[in-house]
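The tour below goes from one selection to the next.

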Amino acid sequence: MPTSTHTETGAAFAAEWEQWHAAHERRRADPHGFLAVTHLHWLGAEPARLEGVPGTWSVKDDAVTVVLEAGESLLRDGRELNGSTVENGSTAVVFDPIAEREGINLAAGPAVVELAKRGGEYIVRPRHPENPLLNGYRGTPAYAPDPRFAVGGVYVAFDEPRPTTVGAAVEGIVHVYEAPGEIRFELDGQDLTLTAFNGHAPGTLSVLFTDATSGRTTYAANRSLTVGAPDADGRVVLDFNRAVNLPCAYTDLATCPLPPAENRLAVAIEAGEQNPHERQAGQ
């Protein structure tokens, strides 16, 4: 089993981590990022007005309809949405079906309105740059970078991708991911395995996990780690210094997936992001 053999000096390793984490924090504090979410609305067949969002919304046969009254506006890609005219001068806009875990962003004045599908249901989440959670954000505490937690591993592909059902931060829904394989590695003398999902960038992998620090110094429900593409021999590096919190660590308006049972590790991974300030009092 490969072990950590990081060749950088401690100072260079720390400097690279600081640069990476600063960039990650900037993305997290985007004016329309998840810290800007003000509401989480679940759509149903009955048309309903939604707080913080223009229009009357409903969903039927996997198609979402919003009816905009006179004076109400939504833009998509900078262009005003103009649907078919209905009574009283209002307009109806029908959106094409959205794939699971996908979504679109609409503009409503200074806010962005996210329309997405999670757990087979449609949600609407307004994101406002004046949200107090965003404006009060102080950054996320993290362990000091330690090369000992950048460990070598081996990616082993499954014969066929395995549909893997996991829970969610929101009660009552589940997520289903295709797991292409698992990563085997050693830490603190223990042989460990993590089920891996496909990462956002082509070829990369993503793992959700908890460990012995979860609920103590790190967020209880989950942390996430992106792993670079395996080399020709399946070798990868799991740099747990870059383990990050998901949106549910900061807000109850998130639908984040939970780790599969096999990714709940007994070892303490004292690396990466810790409990956010926003959760420490209630953890």
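Select D188 to begin: with a relative accessible area of 48%, D188 is partly exposed, because that class lies between under 20% for buried and over 50% for exposed. The model is a predicted one. D188 sits in the loop that links β13 (175-187) to β14 (190-198). Check its backbone as well: D188 is not a glycine, yet its phi is positive, at about 55 degrees. Most residues other than glycine have a negative phi.

Next, select R101. Which loop holds R101? R101 lies in the loop between β8 (91-95) and β9 (103-108). Here too the backbone deserves a look, as R101 has a positive phi of about 70 degrees without being a glycine. The relative accessibility of R101 is 32%, so R101 counts as partly exposed.

The last stop is E72. Select E72 in the loop running between β4 (63-68) and β5 (75-76). Now show what surrounds this residue. Leaving aside residues up to four places away in sequence, E72 touches R49, P54, G55, V67 and E80. Which side chain does the side chain of E72 join in a polar contact of 2.6 Å? The partner is the side chain of R49. Then display the backbone of G55: the side chain of E72 reaches the backbone nitrogen of G55 at 3.3 Å. To finish, keep E72, R49 and G55 on screen together, with the 2.6 Å contact between the side chains of E72 and R49 and the 3.3 Å approach of the E72 side chain to the backbone nitrogen of G55.

Terms used
Residues numbered from 1 in each chain as written. Predicted model: local features only at pLDDT ≥ 70, side-chain atom pairs only at ≥ 80, totals over all residues. Heavy atoms only, no water. Helix = DSSP H or I, 4+ residues; strand = E, 2+ residues; numbered from the N terminus. Polar contact = N/O pair within 3.5 Å; in protein donor to acceptor, adjacent residues only side chain to side chain. Contact = heavy atoms within 4.5 Å. Buried < 20%, exposed > 50% of the residue type's maximum accessible area, 1.4 Å probe, protein only.
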